[in-house]
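This report describes the surroundings of a ligand in a protein model. The sequence and structure come first, followed by the account.

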Amino acid sequence: MATSSCIILGTGAYAPARILTNDELSKTVETSDEWIITRSGIRERHIAAPGENTSDMAVTAAKAALADAKLTAADIDLLVVATITPDLLMPATACFVQHKLGVPTQAACFDLNAACSGFIYALDTVSALLLSGRYKRALVIGAEKLSAIVDWQDRATCMLFGDGAGEVVLGVSDQPGVGIIGTKLGAAGANVDLLYIPKGGSNAPATPESIAAGDHFMKMKGKEVFKLAVRAMDESARDILEQHGLRADQIGLVIPHQANLRIIEAVSQYLELPMDRFFVNVDRYGNTSSASVPIALDEARKAGRIKPGDITLLVAFGAGLTYGSALIRW
Ligand code: UT7
């Protein structure tokens, strides 16, 4: 029987100052504020400044999370960045964050890619490592500069995404049954071609032709992703609830991946849990991939939406198609 548990000691988030509204976007691609709001619920998104990288956003959010936890960078011995937009293909963005933040050189630092499910994948991985006793305190980061991989001429994708970072500081408590009480991950790799970047990887290194064709930007089959997303989030939520003998109405707050308000509304219907139990900020950030769940978690905590004793459900899906859920008791 577990005698200790992995708990959240602090949370932090950051989004760049520049806000791109739907109206502004409709001046560069053929779209409208009304179309984007109706189809996605998104009103605006944050866009990184020139020269502002994924690691910079991660560092700002990390400072907030460490301050919230009343800890410093010197207390961290494990640092994981979930991202699909690393500063460079190599080395890991986690190493840039470590250096900029002043995390000790004894710390283990690595990146993890599970697209929009990345933060939940990282929670699962890091909580297991902490409970193994090999590490004491971890920074778990979801950070993305999606503006760098979006085709700004493709109206069907560019309106969806935004930049930002969210994170948690994790530690171990002697009190059993609190903190991360469960995680559940999955993937359906048959769907890789629904959301991907065709070129620029090791199978197709960049050429002048591939760059001219825009093959280094994200491609998405939106309708198919939408349907699979609803099913994956619903099933992942049901599975983890069943595994822990919980009913949906025992969840104080669901923090879903913020991809599309209609996806969240569909999951709310399937789970028969009213929308006031779902935290929503997709209107202000768009989809920030692996940053979306930790940004929402930080906002929900700081808005007083989570009380001691509450159970929170995190649930996400992403390219891959990956999916995952986590239960946290506060
Ligand atoms: O983290 C995972 C990331 N991805 C997602 O979560 C995406 C999931 N999918 C979606 O959110 C939705 O599929 C979208 C919001 C992307 C699109 O909504 P939809 O209701 O599935 O629209 P659609 O793609 O079927 O497009 C309907 C029409 C098309 O025109 P025709 O072919 O019917 O004449 C599109 O060309 O809307 C057109 N369209 C637009 N019109 C105005 C597509 N994008 C736009 C746009 N403005 N931005």
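## The shell around the ligand

The ligand is surrounded by 22 residues, and the closest are Thr31, Arg39, Arg155, Asn260 and Asn287. A residue counts as near if one of its heavy atoms lies within 4 Å of the molecule. This is a predicted model, in which local features need pLDDT of at least 70 and side-chain atom pairs count only at pLDDT 80 or more, while totals for chains, interfaces and linings use all residues. Residues are numbered from 1 along each chain as its sequence is written, and side-chain values use heavy atoms, with hydrogens and water left out.

By class, the shell holds 12 nonpolar, 5 polar and 5 charged residues. Here Ala, Val, Leu, Ile, Met, Phe, Trp, Tyr, Cys and Pro count as nonpolar, Asp, Glu, Lys and Arg as charged, and the others, Gly among them, as polar.

An N or O atom in the side chain of Arg39 is 2.8 Å from a ligand oxygen atom. For the side chain of Asn287 the distance to a ligand oxygen atom is 2.9 Å, and for that of His257 it is 3.0 Å.

## Domains

Domain 1 (5-176) and domain 2 (180-329) both give residues to the shell, so the ligand lies between them. The domain bounds come from an automatic or database domain assignment.

How values were computed
A polar contact is a pair of N or O atoms within 3.5 Å; within protein, one must be able to donate a hydrogen and the other to accept it, and residues adjacent in sequence count only if both atoms are side-chain atoms.
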